[in-house]
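User: I have a new structure open and want to learn how to read it. Can we go feature by feature?

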Amino acid sequence: MIEVTAMTKRYGAKTAVDDVSFTVQPGKVTGFLGPNGAGKSTTMRVIMGLDAPTSGRALIHGRPYADLPAPLTTVGALLDAKGVHKGRTALNHLRALAATHGIPRSRVDEVIGLTGLEPVADKRVGGFSLGMGQRLGIAAALLGDPEILILDEPVNGLDPEGVVWVRNLARSFAREGRTVFLSSHLMSEVAQTADHVVVIGRGRIIADAPLDDILSGATRRGVRVRSPRMGELADVLAHRGWEVAPLPDGAAQVMGATSEEVGEAAARDGFVLYELTPQGSTLEEAYMELTHEATEYRTALQGERLPAGQGEAGALPSHAADHRRPGSQPAGAQEGDAR
Ligand SMILES: Nc1ncnc2c1ncn2[C@@H]1O[C@H](COP(=O)(O)OP(=O)(O)OP(=O)(O)O)[C@@H](O)[C@H]1O
């Protein structure tokens with residue numbers, strides 16, 4: 001289990017994470033969702049002992065990362081796939097990590113197989129694509145066969161097959177009773193992978209709930225209704241105090257009522273209905289609703305400029321393609337050292 005309690009992290013005048021508390025439970029995939037710059041990576045770095053919190057604490061199995069007796073078998077993390085020695089081959093990188101942590105070489109071969117790295121195992125990491133780098137980072141995270149897996153934007157740069165692979169990996173880990181905590185700014189990705197979602201915006205927790213609750217709690221739902229006497233029906237429904245908005249195809253969206261209420265109101269006045277469909281909200285809608293304030297703030301920051309990646313399905317506006325400061329990673333703290 002991971003416990004973050006009243007954790008604040010400031011970089012000079014900038015508050016990256018502001019009094020954040022949440023727990024990540026075993027046996028589940030917990031998605032850590034938020035717009036770019038919301039504080040996800042910072043929180044994960046504090047959990048992994050790579051950054052000291054300004055106040056509050058982050059504990060793994062009740063201890064700070066630095067006090068874990070067997071860190072690599074307790075927690076594996078993919079934090080920054082770029083933090084690997086470029087001149088080494090993937091195989092040597094993993095062997096070096098294994099050697100420093102007393103992990104047998106046979107496990108290196110296993111994780112290479114697990115992550116599909118066989119074809120590039122003897123290639124230098126410097127020439128790796130983003131996707132291969134991600135796979136190598138995940139391979140390093142898996143080396144100690146850890147009980148807890150922390151993955152920061154794991155599908156970043158992966159091809160569709162890789163995305164499905166990460167999803168299956170996370171789900172099978174959770175099924176085995178292990179703890180999976182993965183961040184994403186893509187709500188569509190989290191919707192397909194997570195059981196529980198912690199949403200962060202502007203360094204603060206906006207929501208912490210099972211995925212289903214977040215979906216059903218969204219207020220932007222309604223009922224789609226279509227009738228040959230649509231205009232008259234719209235008047236009847238509006239008269240009952242529900243908001244009725246015409247849709248381009250001649251149907252209408254009724255807000256504030258259930259489909260049962262709309263159906264009964266229509267039947268009472270003898271309206272024929274061609275369609276009566278409750279509109280479930282997508283995670284995207286729920287997310288946009290939750291992060292509305294944070295998004296406005298980001299939009300104000302970015303002005304008119306739309307950074308690369310904005311067109312990505314389900315991505316929120318981001319104020320910067322990569323805000324990490326060069327050198328913000330502590331010397332020698334590549335993801336392998338983090339475990
Ligand atoms: N080393 C640092 N020095 C100064 N500010 C920092 C540093 N690291 C992060 N920040 C700032 O803290 C805020 C949170 O950043 P963080 O990387 O945790 O966000 P994130 O949610 O992981 O975003 P992304 O999805 O873009 O990685 C941002 O405003 C960022 O600019």
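User: Is alanine 70 buried, partly exposed or exposed, and why?

Analyst: Count the neighbours around the residue. A residue is buried if 20 or more other C-beta atoms lie within 10 Å of its own, and exposed if 12 or fewer. Alanine 70 has 13 other C-beta atoms within 10 Å, so alanine 70 is partly exposed. Keep in mind that this is a predicted model.

User: Where is alanine 70 found?

Analyst: Alanine 70 is in a loop, between β4 (55–60) and α2 (71–74). Now compare sequence and space. Alanine 70 and glycine 144 are 74 residues apart in sequence. From C-alpha to C-alpha, 9.2 Å separates the two.

User: Let me step back. How many helices and strands are in the protein?

Analyst: The protein has 12 helices and 13 strands. Of its 339 residues, 39% are buried. Then look at the contacts with a separation of 6 or more: 70% of them join residues 24 or more positions apart.

User: Which domains does the domain assignment give?

Analyst: The assignment gives domain 1 (2–216) and domain 2 (222–279). The C-alpha centres of these domains lie 46 Å apart.

User: In what sense do β5 and β6 pair?

Analyst: β5 and β6 (residues 148–152) pair in the parallel sense, over 4 bridges. Glycine 76 has leucine 149 in β6 as its bridge partner.

User: How many residues of β8 are buried?

Analyst: First, the general idea. In a regular strand the side chains alternate between the two faces of the sheet. So check each face in turn. In β8, 6 of 6 residues are buried. One side of β8 holds His196, Val198 and Ile200; the other holds Val197, Val199 and Gly201. Both faces are covered.

User: Which strands pair with β8, and in what sense?

Analyst: β3 pairs with β8 in the parallel sense over 4 bridges. β9 pairs with β8 in the antiparallel sense over 6 bridges. Histidine 196 shows both pairings. Threonine 30 stands opposite histidine 196, and histidine 196 stands opposite proline 210 in β9.

User: How many residues lie between β8 and β9 in their hairpin?

Analyst: There are 2 residues between them.

User: Which residues of α6 are buried?

Analyst: Val166, Leu169, Ala170, Phe173 and Ala174 are buried in α6. Seen down the axis of α6, the buried residues fall within an arc of 130 degrees, so they line one face of the helix. They pack against β3, β6, β7 and α7 (187–193). The face turned away carries the exposed residues Pro160, Glu161, Asn168, Ser172 and Arg175. Just after α6, glycine 177 takes a positive phi of about 90 degrees.

User: In what order do the strands of the 4-stranded open sheet run?

Analyst: The order is β11-β12-β10-β13, with antiparallel pairing. Its edge strands are β11 (243–246) and β13 (275–279). Neighbouring strands here are turned by 25 degrees on average, direction ignored. β11 and β12 (residues 252–255) pair over 4 bridges. In that pair, glutamate 243 stands opposite methionine 255.

User: Which helix packs on that sheet?

Analyst: Helix α10 (residues 259–268) does, touching β10 (222–226), β12 and β13. The direction of α10 makes about 155 degrees with that of β13.

Methods. Residues are numbered from 1 along each chain as its sequence is written. This is a predicted model: local features need pLDDT of at least 70, side-chain atom pairs count only at pLDDT 80 or more; totals for chains, interfaces and linings use all residues. Two residues are in contact if their C-beta atoms, placed from the backbone, lie within 7 Å. Two strands pair if DSSP finds at least two bridges between them. Axes are lines fitted to C-alpha atoms, for helices over the stretch in contact, and angles run from 0 to 180 degrees between N-to-C directions. Domain bounds come from an automatic or database domain assignment. The arc is that of the directions from the helix axis to the C-beta atoms.
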